[in-house]
Amino acid sequence: MKKLFPLTLALVLALALVATEASAQRFTKRKMYNSVGVSLNAMNYFGDVVPKTNIASLRLGATRPNIGFTFTRRFAPRLSGRASLSYGRVTGDDAKAADDKDSQAKFRYTRNMNFRNDIFEFAAVGVFDLLENRNNYIRRPDFVPYVFAGVAVFRHNPKGLVGDNTLGLTKGDYVALQPLHTEGQGSAGYESPYKRTSISIPFGGGIRYKLDRHFDLGFEIGWRKTFTDYIDDVGGNYVRSKDDLTSAGGKYFGYEITREGVPGTFTEANQMDEIRGNDNEKDWYIVTGLTLNYILSPRVKSPKFR
């Protein structure tokens, strides 16, 4: 996955630059057009609360819906620019993802962390069609595979599910985790609290199918490489002392949620400053689904005669 991202991004940018330079002067404004679309997607996440400690691991049972709206401007025979606004949810649960019999996963099973995170995203990407269309939108190809890459800003809010009513918490409630500073963030000797607004690099590919004169149906898969390790609120070590957690929610999710009795792992008594999450890899999320695009008929000005 680490190699897939830079290779895909480099390919998209290189092809887009070549295509734009070669075609822009011969592609008239009469052939440019806009389209709007709505997408229904499935959303997954890669991070610390997954079956395996690698970027390719996900749990299909944690798939959640995502909906998005797009605006696309066609600039050249192969190149378009697209802006999108979307909302979706990712989830994770050590109790469901980790196997207590697995020598690697049993530590995450003991950790017993869970989360859900609602993500609002605004993205701007360049879309490069692998088949060109030098004609107007009416004569566009029936099938068009494409790749894309760009930049996105997203707002997220990880929450944890309370499993019991200790410390005055209500069982079954979802509690926002970032304000709890579950790894001691903001206290002396710890990192600063993580931000709930961050950026990501969206990239991927898809295929569009021409339904009729105005409508296209597309299937797309896109990865989001983020620069935060806290989509799941897990990224570093346990606090060095339980007293460094100042709230009831912080003590519960940052310490007391730990499961007892799994042989060969830590317990609440000896987990201080132990590894809680993998800080060598930032979190990712992936969006896969269908998009219905409607092409807005361009206004063509008639030539003026004198």
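This note covers the pockets and the aromatic contacts of a predicted model.

1. The largest pocket holds about 490 Å³ of space. It is lined by 22 residues, and T53, R108, I275, G277 and N278 are the closest to its centre. Helix α3 (residues 106-111) supplies the largest share of this lining, three residues. By type, the lining of the largest pocket comprises 10 charged, seven polar and five nonpolar residues.

2. The second largest pocket holds about 380 Å³. Its lining also numbers 22 residues, with E183, E191, Y230, G235 and G236 nearest the centre. Eight of the lining residues are charged, eight are polar and six are nonpolar.

3. There are 12 aromatic pairs in the structure. One of them, F203 with W284, is edge-to-face, with 6.3 Å between the centres and 75 degrees between the planes. F203 belongs to strand β7 (residues 197-210) and W284 to strand β9 (residues 284-296), so the pair ties together parts 81 residues apart in sequence. F203 is buried, at a relative accessible area of 0%, and W284 is buried as well, at 2%.

4. A further pair joins F215 and Y294; the ring centres are 5.0 Å apart and the planes stand at 55 degrees, so the pair is tilted. This pair links distant parts of the chain, as F215 lies in strand β8 (residues 215-226) and Y294 in strand β9, 79 residues apart. F215 is partly exposed, with a relative accessible area of 29%, and Y294 is partly exposed, with 32%.

5. Other ring contacts deserve mention. F107, Y238 and F266 form one aromatic cluster. R82 lies over the face of F148, 5.1 Å from the ring centre, while R240 lies over the face of Y190, at 4.2 Å.

Notes. Residues numbered from 1 in each chain as written. Predicted model: local features only at pLDDT ≥ 70, side-chain atom pairs only at ≥ 80, totals over all residues. Heavy atoms only, no water. 1 Å grid on protein atoms, 1.4 Å probe; cavity = no way out; pocket = protein on both sides within 12 Å on 5 of 7 lines; lining within 4 Å. Points joined across faces, edges and corners; volume = space filled by probe spheres on them. Helix = DSSP H or I, 4+ residues; strand = E, 2+ residues; numbered from the N terminus. Nonpolar A, V, L, I, M, F, W, Y, C, P; charged D, E, K, R; others polar. Phe/Tyr/Trp six-rings, centres within 6.5 Å; stacked < 30°, edge-to-face > 60°. Buried < 20%, exposed > 50% of the residue type's maximum accessible area, 1.4 Å probe, protein only. Lys NZ or Arg CZ within 6 Å of the ring centre and 35° of its normal.
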